[in-house]
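Trainee: I would like to go through the labels given to this model and the grounds for each. Where do we start?

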Amino acid sequence: MPNINDAFPSNYLKASDIQGATPIVTIDHVAFEAVGRERLMKAVVYFKGKDKGVILNKTNATKIAQIAGSQQTEDWTGTRIMLYATETEFGGETVECIRIKPVPANRQASAPAPPPVTEPEPSGMVTDDDISF
């Protein structure tokens with residue numbers, strides 16, 4: 001069944017793109033780009049192996065700075081973070097958003113690649129690898 005979000009593709013990651021999962025990503029770089037209708041300059045964080053970045057708001061930028069231990073965006077390269085979708089109030093409405101948190105200690109080390117799956121995943125189950133952004 002078609003998803004309405006597919007009708008409005010974005011160059012940037014949206015909460016609906018992560019499909020309720022909590023992917024762990026590694027920061028590749030931060031770029032400053034003109035975004036939105038007003039073409040305002042915003043920081044966009046990009047991740048290794050991913051095409052889409054997240055437009056940073058103050059909440060997410062502050063959280064990354066805390067996790068990375070630096071206010072300097074160039075120091076964030078290589079920092080691993082976890083993304084998750086939630087809701088926030090914006091303009092008097094409740095809207096979906098992406099938030100950032102530290103990678104839990106039990107998921108800090110990069111796990112070796114799992115063996116190939118020979119049986120299909122149960123319907124509706126989403127893993128980090130299923131999220132293409």
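Mentor: With a term: a strand is a DSSP run of E at least two residues long, numbered from the N terminus. The model is predicted. In it, β1 and β2 form a hairpin with four residues between them, and G36 in that turn has a positive phi of about 80 degrees.

Trainee: How do you know that β1 and β2 are paired?

Mentor: Pairing requires at least two bridges between the strands. Eight bridges join β1 to β2, so by the cut-off they count as paired. The two run antiparallel, and V35 stands opposite L40 in β2.

Trainee: What makes β1 and β4 a pair?

Mentor: They have three bridges, in the antiparallel sense, and the cut-off is at least two, so they pair. T26 stands opposite R80 in β4. Strand β4, residues 80-90, also pairs with β5, over ten antiparallel bridges; there F90 stands opposite E93 in β5.

Trainee: Which order do the strands take in the sheet?

Mentor: The order is β3-β2-β1-β4-β5, an open sheet of five strands with antiparallel pairing.

Trainee: Why are β3 and β5 called edges?

Mentor: Each has a single partner strand, so one side of β3 (54-55) and one side of β5 (93-102) are left without a neighbour in the sheet.

Trainee: Which strands does helix α1 lie across?

Mentor: Helix α1, residues 58-68, lies across β1 (24-35), β2 (40-47), β4 and β5, and runs at about 10 degrees to β5.

Trainee: Why is R39 called exposed, and Q19 partly exposed?

Mentor: Exposed means over 50% relative accessible area. R39 has 52%, so R39 is exposed. Q19 has 44% relative accessibility and therefore counts as partly exposed, since that class covers values between 20% and 50%.

Trainee: What is noted about the phi of Q19 and of R39?

Mentor: Q19 has a positive phi of about 50 degrees although it is not a glycine; Q19 lies in the segment before β1. R39 is not a glycine either, and its phi is positive, near 55 degrees. R39 lies in the loop between β1 and β2.

Key. Residues are numbered from 1 along each chain as its sequence is written. This is a predicted model: local features need pLDDT of at least 70, side-chain atom pairs count only at pLDDT 80 or more; totals for chains, interfaces and linings use all residues. Side-chain values use heavy atoms; hydrogens and water are left out. Contact means heavy atoms within 4.5 Å. Axes are lines fitted to C-alpha atoms, for helices over the stretch in contact, and angles run from 0 to 180 degrees between N-to-C directions. Buried means under 20% relative accessible area, exposed over 50%, partly exposed in between (1.4 Å probe, protein chains only).
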